[in-house]
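Let's take a friendly walk through this protein together. Keep the structure open beside you and follow along as we go.

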Amino acid sequence: MEKIIDIRSDTVTKPTTAMRQAMANAEVGDDVFGEDPTVNILQEKVASLLGKEKALFVPSGCMSNQLAIKAHTNAGDEILVERDAHIFNYETAAPSVMSSVQVQTVPGKKGIFSVEQLPSLIRPDIYYMPKTKLIAVENTHNRAGGTIFPLEEINKLSRFAKERNIIFHLDGARLWNASVATGIPMKTWAEQFDSVSVCFSKGLGAPVGSAICGSAEFISKVRKWRKVFGGGMRQAGIIAAGALYAVENHVERLKEDHQKAKYFAEELSSVTQFSIDLESVQTNIILIDVQKTGKTPNEIISLLKANSILVSSGTFTSLRAVMHLDVSMEEIRYAVQKIKALFH
Ligand SMILES: *Cc1c(COP(=O)(O)O)cnc(C)c1O
């Protein structure tokens with residue numbers, strides 16, 4: 001059988017042999033008692049990478065974002081996120097379920113919004129209006145196709161938030177990609193935020209896990225809520241070892257994923273039935289608008305699947321392809337040839 005090229009997401013990666021070895025050999029303890037040495041090493045490592053006092057290992061990126069919202073807000077508060085944000089679109093309305101907060105969206109361009117858009121969205125201090133409690137940024141931006149939020153804009157947003165006592169949260173599921181693509185250290189990207197969430201199970205290739213980072217006071221609140229949310233894990237060192245291995249060995253190699261994405265996007269932009277905004281291909285994600293094919297994204301997904309290439313749908317009119325460590329440059333070259341032959 002022909003090998004399937006699965007570029008639906010960077011979450012499809014499986015642990016490498018070396019990673020599995022690290023997991024099998026991990027020293028473990030009961031993490032609900034704070035006694036898992038591998039979890040503790042991972043947490044210290046990530047906190048220091050991000051320049052925060054503390055980090056807490058959690059089962060997923062959704063839980064990480066939602067714990068931050070829970071710990072930072074009270075019922076009836078409002079949070080501001082970009083319209084295409086993961087928090088707003090892909091977390092099953094969790095802010096309203098878990099924290100009883102209202103979400104107001106900011107329309108962005110390629111996932112990026114500017115400080116000039118905010119004044120009219122901030123609620124005045126009147127008792128019958130919700131209180132604007134938190135602003136979140138997503139970097140890189142998933143739904144916008146892996147775009148990088150400019151650091152100057154982050155600095156402006158942070159100043160704006162601080163002046164108004166509004167919490168500033170970063171959904172940095174793929175902050176690793178932003179850091180490798182720009183050469184700007186994780187710490188610098190994280191500096192202006194009160195809390196930062198990072199994922200180990202995307203491009204880094206670990207099987208499970210995210211971390212939420214911030215001040216010691218914030219993390220002690222988050223730890224309590226993690227237990228409430230059902231995320232207190234026991235010998236979690238087994239999975240933390242995969243995450244630790246990923247942080248130590250799979251960050252620099254994200255460059256290769258960015259190269260594959262660039263190649264894939266440039267090659268397929270020559271297909272006249274596709275539209276690809278090459279400027280948006282800044283990291284490992286590619287969005288291909290397929291309106292000109294006269295087919296829906298789902299029809300094209302099926303067609304490619306019949307040819308052993310798996311992609312996912314991006315927006316209503318686009319396909320999404322994501323590069324990762326389980327797909328080689330050769331396979332991407334092969335996929336490009338095949339797709340070109342189907343849409344010549
Ligand atoms: C993947 C992702 C998350 C978290 O997803 P999980 O599947 O819960 O780990 C959060 N934010 C962004 C931007 C993501 O891409």
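Searching the whole structure turns up one cavity of 30 Å³ or more. Here a cavity is a set of points on a 1 Å grid over the protein atoms alone, where a 1.4 Å probe fits but cannot get out. The largest cavity holds about 50 Å³ of space, a volume being the space filled by probe spheres set on the points. Its lining residues (those with an atom within 4 Å of a point) are His 86, Glu 138, Thr 140, Asn 142, Asp 171, Ala 173, Arg 174 and Lys 202.

A word on the model: it is predicted, so local features need pLDDT of at least 70 and side-chain atom pairs pLDDT 80 or more, while totals for chains, interfaces and linings use all residues. Residues are numbered from 1 along each chain as its sequence is written, and side-chain values use heavy atoms, leaving out hydrogens and water.

Now step back to the domains, whose bounds come from an automatic or database assignment. Domain 1 covers 17–249 and domain 2 covers 253–342. Their centres, taken over C-alpha atoms, are 28 Å apart. Domain 1 gives 19 residues to the contact and domain 2 gives 15, where contact means heavy atoms within 4.5 Å.

Finally, find Glu 331 in helix α13 (residues 329–342); a helix is a DSSP run of H or I, at least four residues, numbered from the N terminus. Is Glu 331 buried or exposed? Glu 331 is buried, because its relative accessible area is 16% and buried means under 20% with a 1.4 Å probe, protein chains only. Not counting residues up to four places away in sequence, Glu 331 touches Lys 3, Ile 5 and Asp 326.

Notes:
Helices (H or I, at least four residues) and strands (E, at least two) are DSSP runs, numbered from the N terminus. Buried means under 20% relative accessible area, exposed over 50%, partly exposed in between (1.4 Å probe, protein chains only). On a 1 Å grid over the protein atoms alone, a cavity is a set of points where a 1.4 Å probe fits but cannot get out, and a pocket is an open set with protein on both sides within 12 Å along at least five of seven lines; lining residues have an atom within 4 Å of a point.
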